[in-house]
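Here is a friendly briefing to read alongside the structure. Take a moment to look it over, and then follow the topics below.

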Amino acid sequence: MRIDDLPGELLMWVLIGSEVAVFAAGITVMEAVRLTDPAGFATAQGMLDGRMATLNTALLVTSGLFAARAERDGGRAGLLLAALGGVAFLAVKIAEYTADAARGVTMEAHPFFTFYYLLTGFHAAHVIAGVVVLVLVAIRPRRDTAQAAAMFWHMVDLVWVLLLAPVYLLG
Amino acid sequence: MKYQTQRIALAYIYVALALFAVQVTMGLVLGYIYVDPNFLSEILPFNIGRMLHTNALIVWLLTGFFGAAYFLIPEEAEHEIHSPLLAYVQLAILVAGTAGAVITYLFNLFEGNFLLGKQGREFLEQPTWVKVGIVVAALIFLYNVTMTILKGRKTVISTILLVGLWGLALLFLFAFYNPPNLALDKQYWWNVVHLWVEGVWELIMASILGFLMLKLTGVDREVVEKWLYVIVATALFSGILGTGHHYYWIGMPAYWQWVGSLFSSFEIVPFFGMMAFAFVMVWKGRRDHPNKAALLWSLGCAVLAFFGAGVWGFLHTLHGVNYYTHGTQITAAHGHLAFFGAYVCVNLALFTYAMPVLKGRDPYNQVLIMGSFWLMAGGMLFMTFVLTFAGTLQTHLQRVLGEGYMDVQDQLALFYWMRFGSGFAVVLGAFLFIGATLIPGRREVIEPGPVVRHAAE
């Protein structure tokens, strides 16, 4: 396998590799800090609302399906439906953050919450960027641009799935 | 020299080398003050010496970058510089501004005056009129090179250089805000200087290295471009949020500790990329370029930048480590090798390549220039090791055992003497470089020696 054999833009792969590396490092550090205070982390984690995260997983994975279809046919509908999934994800995320804050889940309240907000917040920033990219590409869809947008969107999808277990479930 | 306007670079190189001489001389004086603290204390207090040492560095590196751009852009764009007159006006403004800032600082002229006086800051301490002058000069420069590129061929190298230079000028605008509290003052200072050296300057460095590799090794432009894309992408990805590693202890929210630690850990990647790039290009290249000294400086740059900026930066970037090492001699060790390896070397590499071309002759004084590399690099590495040991000891005595700052400084005296010695080697190397570059000797092209071909080939 040569580097030229990779489908799509090389730069996109550099970006995807960098993103996955940073999130992986962030998750690893969180788990390492968890070892210093397992009980405190478990209590803090218990304050999160897993139902919102489940709903968001379903939304994001479904929107990934539309992105995959758009990548295959370069169609506008798939791109816009994928972006719509992203917007729905963000709406749920805002509702989740608001409810969290009302329950006293704030950035400084516990080290776990610092990681919770940093990791999911940084991911949400990528969802915003992804929605913008999908909409921009949908204005005048082409095969290569649709592919680049879909690659970015799958990365956003992948990172969410990677975050889901350590942030909401494990511990 | 293919394009007449490349000559503009000569004037910039002369100014840069003059300031380089000032910078290293001040460095030597400061190194001596560390071992004999009352030396020149009435005439040249330490803070003024340090201001000259660090600011002369920044200004000469910038002047060198401008010179590099005026040298490289005509060749890349295959077009003469839009306006040579504007280029010289720009240089005159920069020289007048630099002199104005130094004189105002030395004699504290116009105290309290918004436009003409000092601003009472530790850094970014130019009087407002100088800051305006810097912006005007930057605008002239950007107009000049952008027009040149627009009229000529657009290449990846010149585009990356241009993005880096635009970023450099725009980020300087943070210097105009003089915040009322110290935490914000530090934050804005880092917004300029971190985003310069760990952001847009890396773009400038990568494009200059790319240009040198293209000329010196003769590899295909497409290969150079692919590497540059990867280097630039990883530099910006890690460097922008990596600014967080300067926010740990200045009064910013605690989450910056994790943001800074995570992202700045990845700042080693682009520097590793540049090192790998330089060596792979030389390995793949077919051209036997006669300017061996420029090649040595280019490869030395990539290696020393990786160690100084990459490895020594990573050494104390994690906030758990930095909690103890912050502001110790570890920082000084990193700062010296990083600035030397990355930005001093890339400038000197370009000067070494450009000077014979600008003077229209074969590479000259190559042995002296290579000797100056080993003197400077050897001295700087020794200084880095010495300061790292000093910093480790200082961290333990001062931050772990809790001894007083000055008591610890006394115990570091031996290291400071060794640092002074290594600094002397660096200054010697610097003057050797300046002399060998400015005074061309006889023609001196190094012929390749006899090569034994091995069976494995």
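Where in chain B is the place of B:Ala96? B:Ala96 sits in helix 3 of chain B. Please keep in mind that this is a predicted model.

**B:Ala96**
- B:Ala96 and B:Val130 are separated by 34 residues in sequence, yet their C-alpha atoms are 8.6 Å apart in space.

**Helix 4 of chain B**
- B:Val130 brings us to helix 4 of chain B, where this residue is one of those that are buried.
- Helix 4 covers residues 128-151, which makes 24 residues.
- From first C-alpha to last, helix 4 reaches 35 Å, close to the 34 Å expected at 1.5 Å a residue.
- Other buried residues in helix 4 of chain B include B:Ile134, B:Ala137, B:Ala138, B:Phe141 and B:Val145.
- An α-helix has 3.6 residues a turn, so residues three or four places apart point the same way.
- What do the buried residues of helix 4 of chain B pack against? Their partners are helix 2 (46-77), helix 3 (84-107) and helix 5 (156-172) of chain B.

**Chain B as a whole**
- Chain B contains 15 helices and zero strands.
- Along its principal axes, the C-alpha trace of chain B spans about 60 × 60 × 45 Å.
- Of the 457 residues in chain B, 49% count as buried.
- Taking contacts in chain B between residues at least 6 apart in sequence, 81% join residues at least 24 apart.

**What the record says**
- An unreviewed UniProt entry places the feature "domain: Cytochrome oxidase subunit I profile" at residues 1-434 of chain B.
- Over residues 1-434, chain B is 77% helix and 0% strand, with the end C-alpha atoms 21 Å apart.

**Where chains A and B touch**
- The contact draws 13 residues from chain A and 14 residues from chain B.
- On the chain A side, helix 1 (10-34) and helix 5 (111-139) each supply at least two residues.
- Helix 1 of chain A gives the most to that side, with nine residues.
- The chain A side divides into nine nonpolar residues, three polar and one charged.

Notes:
Residues numbered from 1 in each chain as written. Chains lettered and ligands numbered in written order. Predicted model: local features only at pLDDT ≥ 70, side-chain atom pairs only at ≥ 80, totals over all residues. Helix = DSSP H or I, 4+ residues; strand = E, 2+ residues; numbered from the N terminus. Expected span 1.5 Å × (residues − 1). Buried ≥ 20, exposed ≤ 12 C-beta atoms within 10 Å, placed from the backbone. Contact = placed C-beta atoms within 7 Å. Nonpolar A, V, L, I, M, F, W, Y, C, P; charged D, E, K, R; others polar. UniProt positions renumbered as here; feature names shortened; annotations may be inferred.
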